[in-house]
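Dear colleague,

Please find below the structure that I am handing over to you, with its sequence.

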Amino acid sequence: MPKQSELDTRFDWKKIAYLTLVSRAIDALEETKLLPEKKVIYQFSARGHDVAQIMLGSLLDHDHDAAGAYYRSRPLLLSLGLSLEDAIASPMGKSGGFSDGRDIGVVCNLPRKKGAAVLPMSGDVGSQYTPIAGWAQSVTYHRDVLKDDSYKGSIGVVLGGDASAATNGFWSALTIATTLKLPMLFYIEDNGFGISVTSEKQTPGCNIAANLASFKNLLILDGDGTKPAEAAKLLGQAIDHARAGKDGPVLLRLTVPRLSGHSGQDTQAYKSKELIESERARDPLPRLKQYLVPAQFSEQQWAELEQKASADVARALEGALARPDPELSTALKHTFAEAGEPAQMGGLVANGHTFPKSSEEVQSEPTRTNMLTAIRRTLEVELKTNPKVIVFGEDVGPKGGVHAATLGLQDMFGAERVFDTSLSEEGIIGRAVGMAISGLMPVAEIQFRKYADPAQEQLNNCGTMRWRTANRFAAPIVVRMPGGFAKCGDPWHSVSGEVLWAHAVGWQVCYPSNAEDAVGLLRAAMRSSNPTIFFEHRHMLDTPWARRPYPGDTYLLPMGKAKIVRPGSAVTVVSWGAFVERCELAVQQSGIDAELIDLRTISPWDREAVLASVKKTRRCLIVHEDTITAGFGSEIAATVAKESFFNLDAPIERMAVPDIPIPYNMPLMESILPSVEGIAAKIAELSEF
Ligand SMILES: Cc1ncc(C[n+]2csc(CCOP(=O)(O)OP(=O)(O)O)c2C)c(N)n1
């Protein structure tokens, strides 16, 4: 039992005790009342994790601190100022709060421009790590490159359970943070279980801190999260080291008991009685009381705190119960940015950034430039005019990218703004997400389209972020990815598969066919409030057909506006990317007066242009490189079939790659790609139908 003079004075113990009692009261309310009454469906108790989490939260007091967290992190949010009513109403799916009834209430967020923010959590275990690495890198960028002193000492903190330390995200973030020596804290709450799986399966010997002992640039701290004095010392040490910002991140592992089932439905039948008893014996709340009474409070004062906590929770419950359900008519809002409604956090616009003038007017140079140079020049102009732009990916630094799209940019703008990353696509995209939330414009390169596969979790969560958080957060990033066939094909470098992001929620998808459009669309993407996939077709990067006069440093195209490449009256041909060239040649070869539409973007796509054309031609052919089944052509065909049924004089036709990967052997590859001759024949067939 410590004396008052022995208590760690860095902490506001009264607040910590009160918030722990509040957290316990909410957990009890949910477990004993709201869950049985089915007012809450997803319930995750934080009992056992709570005391140390609240202590951690009370140290996050810098202007630009941010935390990444998970479903058991509500105590941390309470310590950062989450209102009790929001904390109770959100798991009930009520309106308002952190998602307006859209997300399970334990998956929280806390937007804040000043003071510690909590980045939007996700259901996917492990996905919280790399966005916080991005946040921490952004802290150093604001501090060292933008010379903003308010970022000095700020840190990124990420919370995860012991099982989460086995995920890709954990390892990716650890590599980023240690190689770059980022001001970051990995806070591992080790309760020995991932649902029912013991930590023996997550890391050999069950202790991730011990296993990381030889990791460079990483301070490792390990201790008992149920002992207030020990936890206080370790937390203080960890935060100080991270804030110093020179020696790299800290990993603090605290052991804690999980005093309830994994979730409200979990009976813990996989735990022995003895184990459950021993976990109860480690409950940090009685230990906190023992630490503080009588050193800080009398029994009477502790009892008053308990009464206050339960009265406050009861009052908040009344407020939560009185909250209406979300307005049904709002369900479709905020998939994308709505005019005049910036997210509270994330992206340039939300940070008050204004852009230089742009124009849809082409100011052509006399000579033609290839698509690759057009992309490089656009990156250069945006880097020059916007200090918040950063460009990164594998090999984009001194090498200038494996396709040379970033050649020379690191020399011009420095290694803080144009840089190589570790080989982790999850890390590239997750980091971009954290940076975008912090107010930067990250332009991430994925070396080849196929290699976006490991980043899919981050990409999906980035796209849904604005909707999930009811416009509280957004992460507008640009992801450049080359793909499609080139001199030869193969199943790895030649994947197209763009439909994936037309299907995913919240993404704009650009697929330019030529240098001029590439400039206009890339600039649009880099000034947009929505995340954008920007396809760079490998064949088009240097093919003569795609070379166009450079359209100028202010050229910007709207998303979702197709181009009528060639007007006509006999057949509508719709395409994008590399197949616009083949279609144009095919129309010429056929001698038929076909109208060729280059969609330029497939999300959003220009339905009006296609429907207006089909109304005129009464025939429609869609040509693309992605595989045919559920390719984006299916979406166009379904739309035309419904909206233009009475205008059609022929069946809608699709030409695409059969449902196989692109082959390596060239004749084999050409045999499965729609050919100019094949397209011409199909146009003729349709025109005669
Ligand atoms: C990527 C992913 N895989 C599986 C799950 C299902 N799942 C939810 S929680 C969990 C265990 C996580 O345990 P741990 O990280 O130790 O945290 P704890 O719940 O013990 O606090 C699992 C497997 C998930 N949400 N996400």
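The notes below set out the conventions and then the findings, grouped by topic.

**Conventions**

This is a predicted model, in which local features need pLDDT of at least 70 and side-chain atom pairs count only at pLDDT 80 or more, while totals for chains, interfaces and linings use all residues. Residues are numbered from 1 along each chain as its sequence is written, and side-chain values use heavy atoms, with hydrogens and water left out.

**Nonpolar cores**

A nonpolar core here is a set of buried Ala, Val, Leu, Ile, Met, Phe, Trp, Tyr and Cys residues joined through side-chain atoms within 4.5 Å. Buried stands for under 20% relative accessible area, exposed for over 50%, and partly exposed for values in between (1.4 Å probe, protein chains only). The largest nonpolar core has 76 residues, and those touching the most other members are Phe 170, Met 184, Phe 186, Trp 501, Leu 599 and Ile 636. A second, separate core holds 75 residues, including Leu 19, Ala 69, Leu 82 and Leu 234. In soluble globular proteins, nonpolar side chains tend to be buried together.

Contact means heavy atoms within 4.5 Å. Apart from neighbours within four places in sequence, Trp 501 is in contact with Arg 449, Ala 452, Gln 456, Leu 459, Met 481, Trp 507, Val 509, Ile 533 and Phe 535.

**Strands and sheets**

Helices (H or I, at least four residues) and strands (E, at least two) are DSSP runs numbered from the N terminus, and two strands pair if DSSP finds at least two bridges between them.

Phe 535 in E15 is the bridge partner of Met 481.

Elsewhere, strand E21 (residues 620–627) runs parallel to E22 and is joined to E22 by four bridges. Ile 622 stands opposite Arg 654 in E22. Strand E22 (residues 653–657) has four of its five residues buried, so this strand is largely enclosed by the rest of the structure.

**Charged residues**

Lys and Arg count as positive and Asp and Glu as negative, while His and the chain ends are not counted. A salt bridge is a side-chain nitrogen of Lys or Arg within 4 Å of a carboxyl oxygen of Asp or Glu; by this rule the count comes to 46.

Asp 50 and Arg 24 form one of them, at 2.5 Å from N to O. Asp 50 lies in helix H2 (residues 50–58) and Arg 24 in helix H1 (residues 13–34), so the pair ties together parts 26 residues apart in sequence. Asp 50 counts as buried at 0% relative accessibility, as does Arg 24 at 11%.

Arg 74 and Asp 27 also meet in a salt bridge (3.0 Å, N to O). This pair links helix H3 (residues 74–79), which holds Arg 74, with helix H1, which holds Asp 27, across 47 residues. Arg 74 is buried at 7% relative accessible area, and Asp 27 is buried at 1%.

In a further salt bridge, the closest N and O atoms of Asp 649 and Arg 618 are 3.0 Å apart. Asp 649 counts as partly exposed at 35% relative accessibility, and Arg 618 as partly exposed at 29%. A network of salt bridges links Asp 224, Lys 227, Arg 282 and Arg 287.

Which side chain of opposite charge is nearest to Lys 94? Lys 94 is buried yet has no salt bridge, and the nearest such side chain is Asp 325, 4.4 Å away. Lys 94 sits in the loop between helix H4 (84–89) and strand E2 (117–118).

Finally, Glu 445 belongs to strand E12 (residues 441–445) and is buried, with a relative accessible area of 2%. Not counting residues up to four places away in sequence, Glu 445 touches Phe 392, Gly 393, Glu 394, Val 396, Gly 401, Thr 406, Ile 428 and Arg 480.

Yours sincerely
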